Amino acid sequence: ADIGSAVLTDHVKGRMVRRGIDEAEVRRILAQPEAVLPDRPGRVVAQGLSGNHLLRVFVDMIDNPPKW
């Protein structure tokens, strides 16, 4: 599955608001991650730099489309 097509869950929307993370920045990381690492079966972590911060996006790959 393509992580770039991942859908945003309500849980993640709340986390992003609390942390001041813009959806466009998360989409950029999903489209062009610096690394995609395994987390647990069915989940990967896409990561990349956002300014001076490392942004890690956890994506559940067992869903179609994937969810983050």
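The model is predicted, so local features need pLDDT of at least 70 and side-chain atom pairs count only at pLDDT 80 or more, while totals for chains, interfaces and linings use all residues. Residues are numbered from 1 along each chain as its sequence is written, and side-chain values use heavy atoms, with hydrogens and water left out.

The protein has two helices and three strands. Both kinds of element are DSSP runs numbered from the N terminus: helices are H or I runs of at least four residues, and strands are E runs of at least two. Read from the N terminus, the order is α-α-β-β-β. Of the 68 residues in the protein, 26% are buried. Buried means under 20% relative accessible area, exposed means over 50%, and partly exposed lies in between, with a 1.4 Å probe and protein chains only. The protein exposes about 4,500 Å², and carbon and sulfur atoms supply 50% of that area. Accessible areas come from the Shrake-Rupley method with a 1.4 Å probe; for residues, only the protein chains shown count as cover.

The strands form an open sheet in the order β1-β2-β3, with antiparallel pairing. Two strands pair if DSSP finds at least two bridges between them. β1 (35-40) and β3 stand at the edges with a single partner strand each, so one side of each has no neighbour in the sheet. Neighbouring strands are turned by 30 degrees against each other on average, direction ignored. Here axes are lines fitted to C-alpha atoms, for helices over the stretch in contact, and angles run from 0 to 180 degrees between N-to-C directions.

β1 and β2 pair in the antiparallel sense over five bridges, and Val36 stands opposite Ala46 in β2. The hairpin of these two strands has two residues between them, and Gly42 takes a positive phi near 85 degrees there. Gln47 stands opposite Arg56 in β3. Helix α2 packs on the sheet and touches β2 and β3; its direction makes about 115 degrees with that of β2. Contact means heavy atoms within 4.5 Å.

Next comes the interior. In soluble globular proteins, nonpolar side chains tend to be buried together. The largest nonpolar core in this model has 12 residues: Ile3, Ala6, Val12, Met16, Val26, Ile29, Leu30, Val44, Ala46, Leu55, Val57 and Val59. Such a core is a set of buried Ala, Val, Leu, Ile, Met, Phe, Trp, Tyr and Cys residues joined through side-chain atoms within 4.5 Å. At least two core residues come from each of α1 (10-19), α2 (23-31), β2 (43-50) and β3 (53-60).

Leaving aside neighbours within four places in sequence, Ile3 is in contact with Leu30, Pro33, Val36, Val44, Ala46, Val59 and Met61. Ala6 lies in the segment before α1 and counts as buried because its relative accessibility is 1%. The C-alpha atoms of Ala6 and Ala31 are separated by 9.9 Å, although the two residues are 25 apart along the chain. Among contacts between residues at least 6 apart in sequence, 38% join residues at least 24 apart.

The charged side chains remain. Side chains of opposite charge can pair when their charged atoms come close. The whole structure contains five salt bridges, each defined as a side-chain nitrogen of Lys or Arg within 4 Å of a carboxyl oxygen of Asp or Glu. In helix α1, Lys13 and Asp10 lie three residues apart, about one turn of the helix, and their side chains meet in a salt bridge of 3.8 Å, N to O. Lys13 is partly exposed at 40% relative accessibility, whereas Asp10 is exposed at 63%.

Helix α2 holds the pair Arg27 and Glu23, which are separated by about one helical turn because they are four residues apart. The closest N and O atoms of this salt bridge are 3.6 Å apart. Arg27 is partly exposed at 27% relative accessibility, and Glu23 is partly exposed at 35%.

Arg43 and Asp39 also form a salt bridge, at 3.8 Å from N to O. Asp39 is partly exposed, with a relative accessible area of 39%. Salt bridges that share partners join Asp39, Arg43 and Asp60 into one network.
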